[in-house]
Amino acid sequence: MYIGSDYYPEHWPRERWREDARLMQAAGLNLVRMAEFAWDRMEPEEGSFDFSWLDEAIQILAEHGIKTVLGTPTATPPAWLMHKHPEIYLVNREGRRASFGSRRHYCPTIEVYHSYTRKIVRKLAEHYASNENVIGYQVDNEFGGSRTRGRCYCNSCHRAFQQWLEAKYRTLSRLNESWGTAFWSQTYSAWEQIPLPWPNEAPANPSLELDYYRFISDAWIKYQNLQVEILRNVSPGKFVTHNLMGLFPSIDYRKLGEPLDFVAWDNYPRFSQHLDPAAVAMAHDLTRSLKNRPFWVMEQQSGPAGQNVMGTAPSPGELRLWTLQSIAHGADSIVYFRWRTCRWGAEQYWHGILPHDGKPGHRYAEIKRAAQDMAKLKHLMCSAYPAQVAVMRSYDVLWAFEAQPTSADLDYDQELKSYYRALHSLNVNIDVITPEAEYDKYKVIVAPSLYLTNDDIVQRLEKFVAAGGTLLLSFRSGVKDWENVVHEETLPAHLAGLVGASIADYTSTGRFESPNAPAQLAEVEFVHPELTSYRGTASVWCDILNLESAEALARYHGNFFNGTPAITLNKHGNGSVIYVGTSLNDVAIRELSKWILRTQGLQAPLGTPTGVEIIERRYNEKPVLFVLNHNSERATVSIPTAARDILTDQRYNDELLLDPFDVAVLELV
Ligand code: GAL
């Protein structure tokens, strides 16, 4: 278990380093991540390397009991390199070449950059291979974290895309057939003819677009792995990780995470997650589920955040709350971004633990307290995370919808978040998985808008349901094959056997009539006796369903399909499949989720008021409950049996009173 901070000694005079280390130690910190943007200091001129400043910083920190994680500095290739090789700059979709003066300005496929990368990574790894104070490496920094999301359209990427396609399809006739290039006279007779999906006079072939998104994701993974290989060979015995960005959609994090020892992510609840505790929870759950093991938060918000424009300051208690929320969801180390707020550069307003003046204040005090709390929870870091519910999120589906959103209002991630949020509010532990994950350990899989399917996914879902699982699918599921081509069979095509209903027709809020047309298409009325009677809304899309073996759980009210089924239930083997033909409002999703959990016998360990999150961990087979109050008011939680708060050692018999942003970690006694 590490608790630390992202530290930039290169930003401060050497005389200050010792004082920083002393303050870190006094706050209970035992780790720093350093150097991920310091290429210009490591190699001030081509071929002349200088790690002496970093050696000194590492040594001073080590004398204060602080270990180091080193970032490879490739997110910021220095001026001398970019001046010499301007072909390294990333080119955006519109053809604009990136330029110097910011970061993440390089293309992932350019060979000359790979050779400079190899050199600097090898030098760094050789230099630190035998330094015991360096415990691991972070490769680069936040792949894809820039305006273009890392999508490069340069000549090198163009050629690499054609080679990627050749490796995938082997023959042009297979590619032509898979993409349906007979449409608009697009048959290719040479690999060199295949374009990138540049902006054009009319839409591109969606199969080409999906393959480009897959290719560019693979290109970043390949670039990462080039570094991983060097680090492992030259500096064995140290871990290798990368800092991800939660729900970031453009790189397949499951594949990216494969060669890493563990994954890390950067958590800014008041910035990128818009202060939505469920969105933060979902990002944590996604990160943990990638490798199904503890992860790190490599950058945890520690002050008001924002680059040129700043957001609101965290309220007292929130820094500690976010730390403990991360631990609850499976993080076993927390690194705060950043130690001291910088006086220059693009992030002068991205506040760290210390303010600009370097004097410890209330944020320092709060992090010191969080460090003390973490020490009390050490034994829980590798404890089990029992989740019987999974929400499925597919990168391929994200990209297929990016190529063709289908409805102006369809937002795949928002749909997923709506279901996640409902389940999370019902206090069950959730994994956020990709379709490639194992399904056996779950009782419920919620897979909204599973737009693309392949035989493997369909067969494994069938097996999961037949064995007694509950599967929820929703509109636009099973529409296309893996190459983004609509199935020939009546929808939901290969999922029809599971759903037990067919889709006779559909309508969308295309908004072609008027951009202000209402997003709501109809109402949805629950009709099943086991469901609470409720009338909600149907928006974005409505499937018009014919029941086969399924029965109706809810029916549409209004529009030309008035009275037809909107939500269906089909028994299949020992399990059941729920199909939701539309985008439901939040209350409807919550009611439906409650019923699903009840029918699967899944019970929350505690009921809580709104804004109080419960996460269950298992230690020595016994439940340990994190109770997190995200409200700015006090909250009362009833507890069924006597419990002890591990953080305060206080005992509770029937009721727990939590201050604003306070946390209890309960052991049931
Ligand atoms: C992260 C990034 C850090 C820093 C931080 C605040 O996305 O990894 O280097 O920029 O945001 O902007």
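Start with the helix pair: Ala278, Ala281, Met282 and Asp285 of α10 touch Leu416, Lys417, Tyr420, Arg421 and His424 of α14, contact here being heavy atoms within 4.5 Å. Sorted by class, that contact holds five nonpolar, one polar and three charged residues. For the classes, Ala, Val, Leu, Ile, Met, Phe, Trp, Tyr, Cys and Pro go down as nonpolar, Asp, Glu, Lys and Arg as charged, and the others, Gly among them, as polar.

This is a predicted model, where local features need pLDDT of at least 70, side-chain atom pairs count only at pLDDT 80 or more, and totals for chains, interfaces and linings use all residues. Numbering runs from 1 along each chain as its sequence is written, and side-chain values use heavy atoms, with hydrogens and water left out.

Back to the helices (DSSP runs of H or I, at least four residues, numbered from the N terminus). α10 covers residues 277-291 and α14 residues 412-425; their axes sit 10 Å apart at an angle of about 100°. Axes are lines fitted to C-alpha atoms over the stretch in contact, with angles from 0 to 180 degrees between N-to-C directions. The two are therefore roughly perpendicular, the label for 65 to 115 degrees.

Now the ligand. Around it you'll find Phe37, Arg103, Asn141, Glu142, Asp266, Tyr268, Glu299, Gln307, Phe337, Glu347 and Trp350, each with a heavy atom within 4 Å of it. That shell has four nonpolar, two polar and five charged residues. A polar side-chain atom of Glu142 comes 2.4 Å from a ligand oxygen, while for Arg103 the distance to a ligand oxygen is 2.8 Å. The protein buries 94% of the 300 Å² that the ligand exposes when taken alone (Shrake-Rupley areas, 1.4 Å probe).

Definitions and conventions
A polar contact is a pair of N or O atoms within 3.5 Å; within protein, one must be able to donate a hydrogen and the other to accept it, and residues adjacent in sequence count only if both atoms are side-chain atoms. Angles under 35 degrees count as roughly parallel, over 145 as roughly antiparallel, 65 to 115 as roughly perpendicular and the rest as oblique.
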